[in-house]
Amino acid sequence: MAATDALVRRWCREGDEQAFTAFYRAEAPRLWKLLLARGAGPEEAYDLLAEAFLRLVRTVCRDPTAPRALLYRIALNLLVDHQRRQATARRLAPDPPEPAVGDAAEHEALRRLVRERLGPDEQNIVLMRYWIGMTHREIATALGLPEGTVRRRAAEALARLRAAWREGDG
Amino acid sequence: MSLAEEKALAARLEAAFEALPEPDPARLAAIEARVAAAAHRRAAARRAAWWLAAALAAGAAAAAGWWAARPWSPPAASEAPAAPRPAGVAPEAPDRQGPAAPAPPAPDHGPIIYRR
């Protein structure tokens, strides 16, 4: 499990609030970026981040075995609910991305590939595995999937991305 | 896909998503204050619950000790010991003082339900 998980467990066990603050500082920036990568706007990402941490505070001490996985699970569920509500409330075309050059262009192309070629669960798996660096078990806990399924789908998604990337290069 | 290819693509993915804009530190600090306050309240509530449980347990233990001591009953040493029964004497019949009391006579009329 993640190194930051011990901080939450300490907060649950001893009431060490500094430990929880350290957990927040370690996880919040990357979670905000993940929410952005998964389609939330910057403002929405702040709201979802706050709500995810507040819900984590309320629930995590019941079973603090995998706090980071639980945090991501809460945040992604909130994002799905939010996107569902948004889809029914209004349909706005996303802002066209600014034209990028060099590394930035390659980064944007790869991010677009992830968005367009992978389903929502696969995007979550790929981002949590290859960007955030979570273990298969953590991802399985976060997404409520069997660990073997996560392992298989991560490999499949990466192979598909690889093929699409080659196709784009060629 | 080979392991080297997988690692190369994973590194590209990491770079691509790390390149996303960073969150505003002021916004994160504002959220941190809210989260820290909630964490403080939660920890305080858990501490209060723990103390309450400890106080209840201590009270229960004290009550059990008091009950065991029975301060309202005379001390056991002042009670007269039961006289030993002589050998060969049969124990008394259990609490039979005489012939059984006769049953009350049955009423010689039926129950009057209604009389004009």
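Trainee: How many residues of domain 1 of chain A are in contact with domain 2 of chain A?
Mentor: Two residues are in contact if their C-beta atoms, placed from the backbone, lie within 7 Å. Domain 2 of chain A gives 9 residues. The number from domain 1 of chain A is 12.

Trainee: This is a predicted model, so to speak; what pLDDT do its local features need?
Mentor: Residues are numbered from 1 along each chain as its sequence is written, while chains are lettered from A and ligands numbered from 1 in the order in which they are written. In this predicted model, totals for chains, interfaces and linings use all residues, side-chain atom pairs count only at pLDDT 80 or more, and local features need pLDDT of at least 70.

Trainee: Which element gives the largest share of the side of domain 1 of chain A that touches domain 2 of chain A?
Mentor: Domain bounds come from an automatic or database assignment, here 1-95 for domain 1 and 102-170 for domain 2. Helices are DSSP runs of H or I with at least four residues, strands are runs of E with at least two, and both are numbered from the N terminus. On this side of domain 1, H2 and helix H4 (67-89) of chain A each give two or more residues. The largest share, 5 residues, comes from H4(A).

Trainee: How many charged residues are on that side of domain 1 of chain A?
Mentor: Asp, Glu, Lys and Arg count as charged; Ala, Val, Leu, Ile, Met, Phe, Trp, Tyr, Cys and Pro as nonpolar; the others, Gly among them, as polar. The side has 8 nonpolar residues and no polar ones. Its charged residues number 4.

Trainee: Why does Arg73(A) count as buried?
Mentor: Arg73(A) lies in helix H4 of chain A. A residue is buried with 20 or more other C-beta atoms within 10 Å of its own, exposed with 12 or fewer, and partly exposed in between; C-beta atoms are placed from the backbone. Arg73(A) counts as buried because its C-beta neighbours inside 10 Å number 20.

Trainee: How far apart in space are Arg73(A) and Ile139(A), C-alpha to C-alpha?
Mentor: In sequence, Arg73(A) and Ile139(A) are 66 residues apart. In space, the C-alpha to C-alpha distance is 8.8 Å.

Trainee: How many strands does chain A have?
Mentor: Along the sequence, the pattern of chain A is α-α-α-α-α-α-α-α. Chain A has 8 helices. Its count of strands is 0.

Trainee: Which element gives the largest share of the side of chain A that touches chain B?
Mentor: The contact takes 30 residues from chain A and 29 residues from chain B. Helices giving two or more residues to the side of chain A are H2 (17-37), H3 (42-59), H5 (102-117), H6 and H8 (147-169). The side has 23 nonpolar, 3 polar and 4 charged residues. The largest share, 10 residues, comes from H2(A).

Trainee: At roughly what angle do the axes of H6(A) and H1(B) cross?
Mentor: Axes are lines fitted to C-alpha atoms, for helices over the stretch in contact, and angles run from 0 to 180 degrees between N-to-C directions. H6(A) covers residues 120-132, and its axis comes within 8 Å of that of H1(B), residues 3-18. Under 35 degrees counts as roughly parallel, over 145 as roughly antiparallel, 65 to 115 as roughly perpendicular and the rest as oblique. H6(A) and H1(B) are therefore roughly perpendicular, crossing at roughly 95°.

Trainee: Which residues of H1(B) make the contact with H6(A)?
Mentor: The residues of this contact divide into 7 nonpolar, no polar and 1 charged. H6(A) gives Val126(A), Leu127(A), Tyr130(A) and Trp131(A). H1(B) gives Ala10(B), Leu13(B), Glu14(B) and Phe17(B).

Trainee: How far apart are the axes of H5(A) and H1(B)?
Mentor: The two helices pack at about 105°. H5(A) and H1(B) are therefore roughly perpendicular. The distance between their axes is 9 Å.

Trainee: Which residues of chain B are in contact with Trp11(A)?
Mentor: Trp11(A) sits in helix H1 (residues 5-14) of chain A. Trp11(A) is buried, with 26 other C-beta atoms within 10 Å. Beyond four places in sequence, the contacts of Trp11(A) include Asp16(A) and Phe20(A). Those in chain B are Ala39(B) and Ala43(B).

Trainee: What is the mean pLDDT of chain B?
Mentor: pLDDT is the predictor's confidence in each residue, from 0 to 100. In chain B, 62% of residues reach 70 or more. The mean is 78.
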